Amino acid sequence: MKKDILSRHQKLSIHKTVLTWFTYNQKKLPWRSATPPDPYIVLLSEVMLQQTQTSRIAEKLPAFLEQFPTLEALAQATNKEIILAWQGMGYNNRALRLRDCAKTIVDHYYGIIPDDIDILRTLPGIGEYTSSAIASFAFSQNVPVVDVNIRRIFSRLLRKVANNHDMLSEKESWEIAGILLPKNHSNLWHQALMDIGSLFCTSRSPRCHDCPISSHCQSAFAVIDGEKTPKKEPTHRAIPHRIWRGKIIELLRQSNHHSENANYILHALFQENISTLDSDFLDYILKKLESNNLIELQTINNTIIVSLKE
Ligand code: SF4
């Protein structure tokens, strides 16, 4: 990627447009309210946002913070406590990794969230995006951040795209993010781009007429159409495994003592025309959940009892 992809003047002009728009129009979100930013809240929100919608996290975060007001409290949570508190956010493995991350910080970093991006990246559940987001949003460091919204904006801003699948590679997006980063405004810049991506530059129906950066954008008002790309993932009865996993955890969350027998779960999931394929599939998924430390399996009087792991 050429460093001079935009002139200095063009970059300054885009920075001014984006940052001014954000000053007056940013989304009000609970994790943005603390001044200066609270690294614990940034860590929680960024892990929660990895695969869950912003509106859902905005709703769930206050109750989660009430239950785990500090990193130390989170580090002490049992598997069962954290899985119960994670209700409605999906991908339950993330809850365990978040607790493990808190525990690692308490055990190895005196309970202080590291501000070093390389150390952040070694923590459980923290990858390239989340470590950069924490460094930028919690510690105002001059580091690039690329999520799916930002990648889509860069893909359209700098060249005319053919359809909604026409995206820069991950590598190119990170390079551009580094080139375009306005020094000392990393936090506001990236959050502004995320808002513009989610409010205007959506995947299939971008709202270029209302978009604050349309005058800078190579793809503005281009016909951007295309199908949604279905995720390639394993399914059973045409439903992804992750949905079945979530349904089982939800059944256990709702049940008395957070425990059920496997036969009850089989009927609750499939209801009618249950085949051996369904029962084999349930065995397989239960073993997976057990190996992920989300549940425990016990055999009592030839009955398999499934419980949330303590
Ligand atoms: S002008 Fe349209 S294509 Fe360009 S960034 Fe804005 S919404 Fe996206």
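Predicted model: local features only at pLDDT ≥ 70, side-chain atom pairs only at ≥ 80, totals over all residues.
Two residues are taken to be in contact if their C-beta atoms, placed from the backbone, lie within 7 Å.

Let me begin with helices α12 and α13. In α12, the residues Trp-244, Lys-247, Ile-248 and Leu-251 meet Ile-265, Ala-268 and Leu-269 of α13. By class, this contact holds six nonpolar residues and one charged residue, with no polar ones. Helix α12 spans residues 241–254 and helix α13 spans residues 262–270; they pack at an angle of about 125°, and their axes are 11 Å apart. The two helices are therefore oblique to each other. As for handedness, the crossing in which α12 passes α13 is right-handed.

Helix α1 covers residues 8–25 and helix α11 covers residues 186–199. Here the packing angle is about 80°, with the axes 9 Å apart. An angle of 65 to 115 degrees counts as roughly perpendicular, and α1 and α11 are therefore described in that way. On the α1 side, the contact is made by Val-18, Leu-19, Trp-21 and Phe-22. Their partners in α11 are Leu-188, Trp-189, Gln-191, Ala-192, Leu-193 and Asp-195. The residues of this contact divide into eight nonpolar, one polar and one charged.

Next, the domains. The domain assignment gives three entries: domain 1 comprises 1–26, 145–186 and 194–229, domain 2 runs over 38–139, and domain 3 over 235–308. Between domain 1 and domain 3, the C-alpha centres lie 43 Å apart.

Finally, the ligand. Which of the 14 residues around the ligand come nearest? They are Cys-201, Cys-208, Cys-211, Cys-217 and Ala-220. As a whole, the shell around the ligand consists of 10 nonpolar, two polar and two charged residues.

Thank you for your attention.

Terms used. Residues numbered from 1 in each chain as written. Axes fitted to C-alpha atoms, helices over the stretch in contact; angles between N-to-C directions. Helix = DSSP H or I, 4+ residues; strand = E, 2+ residues; numbered from the N terminus. Parallel < 35°, antiparallel > 145°, perpendicular 65-115°, else oblique. Left-handed = near helix turned anticlockwise from the far one by under 90°. Nonpolar A, V, L, I, M, F, W, Y, C, P; charged D, E, K, R; others polar. Domains from an automatic or database assignment. Near = placed C-beta within 6 Å.
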